[in-house]
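Visitor: I would like to learn how to read helix packing and chain contacts. Please take me through an example.

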Amino acid sequence: MNAVNTWNSTQHFWLIILGFCVAFVPRFIPLMLFTKRAIPEWFNEWMKFVPVSLFTALIVKDIFIDSATYQIIFNHFSEMIAAVIVVIIAYRTRSMIISVVTGLLAVFLLSMFIA
Amino acid sequence: MNKRRPNPKQVPDPNEPLWRSTLRVAMPLNLSYIPIGLACGILLHAAGFNTLLTGLVSILIFSGGAQFLIATMLTINSPLLSIVLMLFFLELRYALLSSSLSPYLKGQSNRFLFAFAISLNDENYAINYLKFATDKKWTGKEALMVEHYSLLFWAVSNVIGSLIGSTLKIDLGVVNFALTALFLYMIVMQIKNRLTIAICVLSGVLAALCMMLTKSTLGLVISTIIASLIGFFLETTLRKRLPDSHWLWKLRSPGSKKSTVESESDAD
């Protein structure tokens, strides 16, 4: 696994403050505006696609991209198989806890047999 | 979920104090926050956050997805700007949630809206939306209390997780897969039609390409914007030109409470 981050607490603190700003504004502004007027339809429609696109991108980064060189890699076989298992479990049970725990167990067991 | 279901007393006791009736509504959520909060605290600790800052981030940002994202991006040494940009795009979806709650919060003071916005997140939104839609007596005050209960459980679980992380040695590689599993779960929960699946594939390919080109996690931001915009234009065009297209067929999945909330929010 890659090296742990070297930031200090002051940098973490600024990250939290900036993170708070970008987390707060999208929650507050629509509440302010739309308790007074109607929501633009296109905005709703666009926002529907943001989470799926973002999460897929993050998963691809975790499984297929080397974090040092940013090249595509195809050697995380245990993660790939575990990911398929998680999707099936999530679809069938719709439980966040069961999906995550099964995924962790799967990747742990698989990594003992394959790379 | 509710273990007291066999109890024939359907109508809640009118003399029950408000703090208890709202706590009862919030309890299933509070309990489910404990394991996730612990995991999040452990991961933040592994990413270098100290316990105090873990508590602070849980209160100020209060979003599982965002905190997991911070942990992942810190372990791969992303630059600050790139993390904040990713957070911005991740949190942008709250605009959708708070917009859909706004009809129920008409006439509230700006101070109330401020407090409400700070502690809003996906899960307490789901509870409050359902309560607002089904219970006429549910007001902003009760909704805010549910938010505060969930915030309390979340922050405490995170802090405990951070303390566990400092006493135990945990294999980062395996724990890191918890994030991947969580994101996979969130995607599965949001897939509504074939178009969404196509956008997932597109977004995955774009993400790989953009990251190879930019040689940084900024590629994630770029691919997210492009993929979501393409999804938006494709859906709008399909709805207009080919409303019967099989790409828009709803996918049925094993029933659950969560999907009820989602389909209700679709209806309006």
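**Helix packing and the chain contact**

Guide: This is a predicted model. Start in chain B, where helix α1 (residues 18-46) packs with helix α8 (residues 140-167) at an angle of about 30 degrees. The axes of these two helices are 6 Å apart.

Visitor: Why is α1(B) called roughly parallel to α8(B)?

Guide: Angles under 35 degrees count as roughly parallel. The angle here is about 30 degrees, so α1(B) is roughly parallel to α8(B).

Visitor: Which hand does the crossing of α1(B) and α8(B) have?

Guide: That crossing is right-handed. By class, the contact of α1(B) with α8(B) has 21 nonpolar residues, twelve polar and one charged.

Visitor: Now the chains. How many residues does the contact take from chain A and from chain B?

Guide: Chain B gives 85 residues and chain A gives 67. On the side of chain B that touches chain A, the largest share is from helix α9 (residues 172-190) of chain B, with 17 residues. That side of chain B divides into 56 nonpolar, 23 polar and six charged residues.

Visitor: Let us take one residue. Where does A:Leu54 lie, and in which helix?

Guide: A:Leu54 is in helix α3 of chain A, residues 50-64.

Visitor: Is A:Leu54 buried or exposed?

Guide: Count the other C-beta atoms within 10 Å; 20 or more means buried. A:Leu54 has 29, so A:Leu54 is buried.

Visitor: Which residues is A:Leu54 in contact with, leaving aside its neighbours within four places in sequence?

Guide: They are B:Phe89, B:Leu90 and B:Thr224.

Notes:
Residues numbered from 1 in each chain as written. Chains lettered and ligands numbered in written order. Predicted model: local features only at pLDDT ≥ 70, side-chain atom pairs only at ≥ 80, totals over all residues. Helix = DSSP H or I, 4+ residues; strand = E, 2+ residues; numbered from the N terminus. Buried ≥ 20, exposed ≤ 12 C-beta atoms within 10 Å, placed from the backbone. Contact = placed C-beta atoms within 7 Å. Nonpolar A, V, L, I, M, F, W, Y, C, P; charged D, E, K, R; others polar. Axes fitted to C-alpha atoms, helices over the stretch in contact; angles between N-to-C directions. Parallel < 35°, antiparallel > 145°, perpendicular 65-115°, else oblique. Left-handed = near helix turned anticlockwise from the far one by under 90°.
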